[in-house]
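Welcome, and please open the model in your viewer.

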Amino acid sequence: MYKKLAVIGLGLALSNLAWGTEGGGGAYANGSEGFLTGYMPPAGTYLVNYNMFYSADSFKNKSPVFDDFEVATFASIARLIHVTDKKILGGDWAMHAFLVYADVNVKNLNGARQRQGGIGDLIFDPIALGWHFGNWHVITGVDLYLPTGNYDKNDLANLGRNYMTIEPLVDFTYLNPAGYEFSMKTMFDYNFENHATDYRSGNELHADFVAAKHVGQWAFGVGGYAYKQLTGDSGDGAVLGDFKGRAFALGPQVAYTAKNGINVAVRVQHEFDVQNRPEGDKLWLNIALPL
């Protein structure tokens, strides 16, 4: 089964300091998507389960106060996708929503440690449109991130981010008859202010991508993500200044699609060239199935 739309927003609010978006992470979990991310599936209802394991023991910043840092995160996200049989502007109309469970374990620069588990912020998009142009496939939409997850400005580990994010996106997939694929999902995040901390994270541009070869029911590829914060953090709570984050990640990916439509994808991503964010490794196990 070919799957897509946009993916999970998992916030890692690590403390009240400023470091390239509040807490060192954005609303979207970079690297969530890979194979066929721009391919809208046929009309129907689909369930996708994203499982992410992330660990980092360094925070890339010139200041030595960030040297003693650790974070370990597990997230399991249920995403319900409904592709209608209606068209808007010639594109297939779909909608989706995410329910996020996360377990976050953080050690900060003072040696304090905290762990929390529970439901994170709600993400949904009522209008996503997909087009097919021969070997080319395109999807557009706007994901909305609502601050419904648990948040306390005095906590080290938070499940929500306590502010809204609007994320327009464009996905495309090129897949030719020989089975060669290149897919990319590009997103722009407009972040609102966290009124609990008087902190507004800067706007972000980021993309997930993969280059792959399909062989029968298998797909093999190399992919990752690129992230760049376009505007600095601001507000009275941004006490460390006009920081901007940056990160890249790369690694192998493999997927298998069974004859009954169930798709299983595994990807490993190593982060590098990081600024003002944690630097670590991610492991994804994603399962998609038609309902």
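**Before you start.** This is a predicted model, where local features need pLDDT of at least 70 and side-chain atom pairs count only at pLDDT 80 or more, while totals for chains, interfaces and linings use all residues. Residues are numbered from 1 along each chain as its sequence is written, and side-chain values use heavy atoms, with hydrogens and water left out.

**Stop 1: the whole protein.** Switch to a cartoon view. The protein has 15 strands and zero helices; both are DSSP runs numbered from the N terminus, with helices being H or I of at least four residues and strands E of at least two. Of the 291 residues, 54% are buried, where buried means under 20% relative accessible area, exposed over 50% and partly exposed in between, with a 1.4 Å probe and protein chains only. Now show the surface: the accessible area is about 11,700 Å², and carbon and sulfur atoms account for 63% of that. Such areas come from the Shrake-Rupley method with a 1.4 Å probe, and for residues only the protein chains shown count as cover.

**Stop 2: strand β1 and its partners.** Select residues 44-60, which form β1. Which strands pair with β1? One is β2 (residues 70-88), antiparallel to β1 and joined to it by 13 bridges. Another is β15 (residues 277-290), also antiparallel, with 13 bridges to β1. Two strands pair if DSSP finds at least two bridges between them. To find your place, show Ser55, which stands opposite Ala72 in β2, then Asn51, which faces Leu285 in β15.

**Stop 3: the nonpolar cores.** Next, select Tyr50, Met52, Val71, Ile77, Val83 and Val104, the residues that touch the most other members of the 32-residue largest nonpolar core. A nonpolar core is a set of buried Ala, Val, Leu, Ile, Met, Phe, Trp, Tyr and Cys residues joined through side-chain atoms within 4.5 Å. Two or more residues of this core come from each of β1, β2, β3 (91-107), β6 (136-146) and β15. The most come from β1, which gives seven. Another core, of six residues, lies apart from it; Val210, Ala212, Ala219 and Ala265 are among them.

**Stop 4: an aromatic cluster.** Show the rings of Trp136, Phe172, Tyr174 and Phe182, which ring pairs link into a cluster. The whole structure holds eight aromatic pairs; rings of Phe, Tyr and Trp (its six-membered ring) pair if their centres lie within 6.5 Å, with planes under 30 degrees apart counted as stacked, over 60 as edge-to-face and the rest as tilted. Trp136 and Tyr174 have ring centres 4.9 Å apart and planes at 50°, so this pair is tilted. The pair links β6 to β7 (residues 165-175), across 38 residues of chain. Are these two residues buried, partly exposed or exposed? Trp136 is partly exposed at 44% relative accessible area, and Tyr174 is partly exposed at 26%.

Now move to Phe172 and Phe182: their centres are 5.9 Å apart and their planes at 45°, so they too are tilted. Phe172 belongs to β7 and Phe182 to β8 (residues 180-191), 10 residues apart. Phe172 is partly exposed at 24%, as is Phe182 at 32%.

**Stop 5: charges over rings.** Finally, select Lys213 and Tyr180: the charged end of Lys213 sits over the ring, 5.1 Å from its centre. Lys282 does likewise over Tyr54, at 5.6 Å. A charge sits over a ring if NZ of Lys or CZ of Arg is within 6 Å of the ring centre and within 35 degrees of the ring normal.
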